[in-house]
Amino acid sequence: MSLFVPEDDNLEVYRPEESIHDRAPEISIPLKEAAHQEPIVSDPIDVLCSLPLKYQHLILADLLRQDGLLLLGKGLGLEVIVSNLLHALSSPLRENKRGLIILLNATDFENEKIRELLVELSWVEKLNKGMKKSGRKFVRIDANYVVGKRSKIYASGGIISVTSRIFIVDLLSNLLNLNSITGIIVLHAEKVTDTSNESFIIDFYRQTNKWGFVKAISDDAEKFIHGYQPLKTKLKDLKLSNTLIWPRFHIEVANSLKVNSKNNLVVEISVSLTKRMKTIQLAIFSCIEACINELKRHNPEMSTEYWDISNALNKEFVQVIRATLDPVWHRCSWTTKQVIHDISTLKELLGYLLNYDAIKFYETIKTIFDVNKSTKNSSPWLMLDEAISILSLSRERVFLQTSSEPQSFLLEELPKWQQLTEILQDITDDRSRGNMNEGPILIMCNERSTCVQLRKYLSQNTNKATPGRKFMMMGLNHYNQIQKALRQLKEGLKQEKVGESTDLEALTVSKTFTRNRAHATSSKRRRTRGNKAIQAVDRLYNRDAFIEQDSDQLNISNLEEDSDPGADFEVTGSRNLILSHSIEPADQIVIEKFDARTNESLLDELNPSHIILYEPNLSFIRRIEVYEAIRKQRAAQTFFMYYKDSVEEETYLNSIKREKEAFTKLIREKATLASHYSTDEDNQFRVTKSQVFNTRIAGGSAFRTPTDESSIIVDVREFRSSLPNLCYRIGLKVVPAMLTIGDYIISPRICVERKSIPDLIGSFNSGRLYQQCEQMFRHYQLPALLIEFQEGKSFSLEPFAELRTRPNQTSQQMTPSTIKFFQQDIQAKLITLLIAYPKLKIFWSSSPTQSAQILISLKASEREPDLEKAIQAGVDANMMNSSGAPEFNDAAIDLLTQIPGVTKVNYHLIITKVKNLKKFVNLSLQEMQDIIGKEAGSVAYNFVNWKFNSTSSNSNGLNV
């Protein structure tokens, strides 16, 4: 089986229901124009598109013919298809008449790529058709655009790329007419859920505009297979009924990417691991399996079939386990939390084994052991015999004596280095005989650190016979410097006595992790009989001797004379080099990282003659196939390197298998998908009378009739959450506004400040919550604090106490006593807040859905909020314009409030007296103190005028 092209002749091929060969590649579009609410269909218009491959033509024809969800295989040219789709749909209906197309969820790179392709397509169309004007108007709207400017952009039409948060606010604010929107295209459809802003937009759009198109596109089919009937659920969220599935094994895709084998030569290079690397890899797998078994033993009621060593290589393995345990995370034992953290660490070590050199890998392993052995609750896997084998074998790869000479260390090189050197030498020899194209050589890697490693390795040209040996000796010299720095630090801390911390909860592990622990610790009095593992345990629990033993063997002070200072450099990107002289393309070796944002343009810009895949990557392999199918006669020679019988090979094959299984499941679900019919009444939501009327009062509320619409004012910043969407779906009219006080205005009396738990912790730390409560009590009779937990998470403060000091999952696990301390700290601050504001109402919500129910219950028997008063609350009168609403630049205000000394309470004092940020940073100390006070002004001035001393910081650092 070929690793580069896994599809063979016996693989099943997906064929659509209708015959593809009968379709015409020419594209004729019946365009529609909004006039009131009835579309006017014009004559078909011929549009010139640039799609080099046949399957891309067919996909575009399908999207133009009908609305639907497109599921495309990875690396098959998504940006090109989207650009041609936008170019075709934005064709003017008549002269000086342009439609309005909304593009949602596009990233910054995708926006730039689509803009470039649209410009190219417009110029080609102008040259072929002799048009006077060229170009489709493409505008990207972000937070820097104020309301008035956005309104003018919508009115002028064209293609507008906008974030879903901004666009839903504009829709609810009636900033544009829904019937003026020609259609909506949603990228990254896998992110759309029933509570997302994209679903909110489409539902709101379809209530008024029945003729406009909605098209959704995604190239990540694996995200569509989770849950019951995932395809049906996604189509319901997008208000679509059709699905277009185009995997890699589609017959038209396979035929389009099939090129002449004489012109396209793919060389697969299977590299064997060294004996020690194989043993370390097996030992890490054994540790992972032991951790999984321990996890099952502690959580038998939560374990599933997915918790198996066969799934451990999946990228989302730890995330799936964590998601399963999230609802009961506050009841999980400390051992369970530590074991999950250890599985993540062990998976990282599997990647480090294949990518790091022997010295760096040993340094990483040794650091893990040194950090854990000093604490009472160390990682359980470190007690296994396999863990000691990992440490001892990692050390042998570096310090094993190969001869009687004092510095004859093994310094084991990565096996791929030698193979890479041989490939480059073969390319040079073939070019000297005139048998190859004179283009640059492109080497692709998974990680940026691997790119830097290969650049340093290939730069060792002073001794071509052993470039790897010299590179390793330089790394050994650097390791020696680190050990010297550690010894100096240890000597400086000798006088300080650090007491051992006592944890309230100890690790409870099975005998799997401790079966040989007693024998290992009691072997100091006996003479060891050649057992290196037992010696390694003794060194593990005696850090001083361990460091000194390495340092005694590292008498390599003369290595600095052998090293070439000019060769030891670090480059962050291959295209960031500034050269003083030109280099011929044939002499260029470009080393790049796999990056979905730049890989497609990278091949077109470099036009390489040879491509070396140092590590396998499915998406980039597909891009090479598309690139080769377009070039055909000038195809580049490709070398595909992978470690045989390794994690690298297994991960790549699993990625192919998972994608194929995902598409197969979606194809089967599509075949059995029932037709769904709905009316306008089915999609409308109304609040029942009992929810907005107080039945205890005779006759209900005298100020409202059952036909009146109930509304709620929502701060525009709250549209980052799903709560406004849920409020709309239960029947409340959502009115967005830029509020200074509160997040949700229920009535003229009730103001609600919503806080997620991380936001609550941050507000307590900065003191912002006290200021917000003070402002709410100043302008409203019944202020309330809504504390909202995440849906599907445990309804407890304990998990968030962990996040307080552990924002990323790779950091060291917190101790139980520390977690309990931070949990009590949050509770104490809540009590202090209630003591300061005893009339403050606090609502606890387990999910956004419950938060919506709380808001609708607060709405009962309350009058409708006053929009003008809600906006003016807390705002200086000088900030108002003629319409009564203040004009804000959201991005500038967000940046201003991040400056120390500037808070949500005093920032309005700045924006009333200072025109922009440029003038603010140029204010003197006295001027800042006059505006926001003496203390706050001093803090803000010192932050703005702080000067970074780069010379002092660089002099103390190590050149890694």
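Which residue stands opposite Leu69 in S11? In this predicted model, the position facing Leu69 is taken by Thr243 of S11. Strand S5, spanning residues 68–72, runs parallel to S11 and is joined to that strand by four bridges. Both strands belong to an open sheet of seven strands with parallel pairing, ordered S7-S8-S6-S9-S10-S5-S11. Strand S7 (138–141) and strand S11 (243–246) form the edges, each pairing on one side only. From one strand to the next, the twist averages 15°.

Two helices pack on this sheet. Helix H1 (residues 54–65) touches S5, strand S10 (213–218) and S11, and its direction makes about 175° with that of S11. Helix H7 (residues 230–238) likewise touches S5, S10 and S11, its direction making about 130° with that of S5.

Across the whole structure, 34 salt bridges were found. In one of them, Glu412 pairs with Arg276, with the closest N and O atoms 3.9 Å apart. Because Glu412 lies in the loop between helix H13 (385–399) and helix H14 (415–432), whereas Arg276 belongs to helix H9 (residues 275–298), the pair ties together parts that are 136 residues apart in sequence. Glu412 is buried, at a relative accessible area of 10%, while Arg276 is partly exposed, at 23%. Salt bridges with shared partners join Arg276, Glu396, Arg397 and Glu412 into one network.

A further salt bridge connects Arg622 with Glu659, the closest N and O atoms being 2.8 Å apart. Arg622 lies in helix H23 (residues 618–631) and Glu659 in helix H24 (residues 647–671), 37 residues apart. Arg622 is buried at 2% relative accessibility, and Glu659 is buried at 6%.

Technical notes. Residues are numbered from 1 along each chain as its sequence is written. This is a predicted model: local features need pLDDT of at least 70, side-chain atom pairs count only at pLDDT 80 or more; totals for chains, interfaces and linings use all residues. Side-chain values use heavy atoms; hydrogens and water are left out. Two strands pair if DSSP finds at least two bridges between them. Axes are lines fitted to C-alpha atoms, for helices over the stretch in contact, and angles run from 0 to 180 degrees between N-to-C directions. Contact means heavy atoms within 4.5 Å. A salt bridge is a side-chain nitrogen of Lys or Arg within 4 Å of a carboxyl oxygen of Asp or Glu. Buried means under 20% relative accessible area, exposed over 50%, partly exposed in between (1.4 Å probe, protein chains only).
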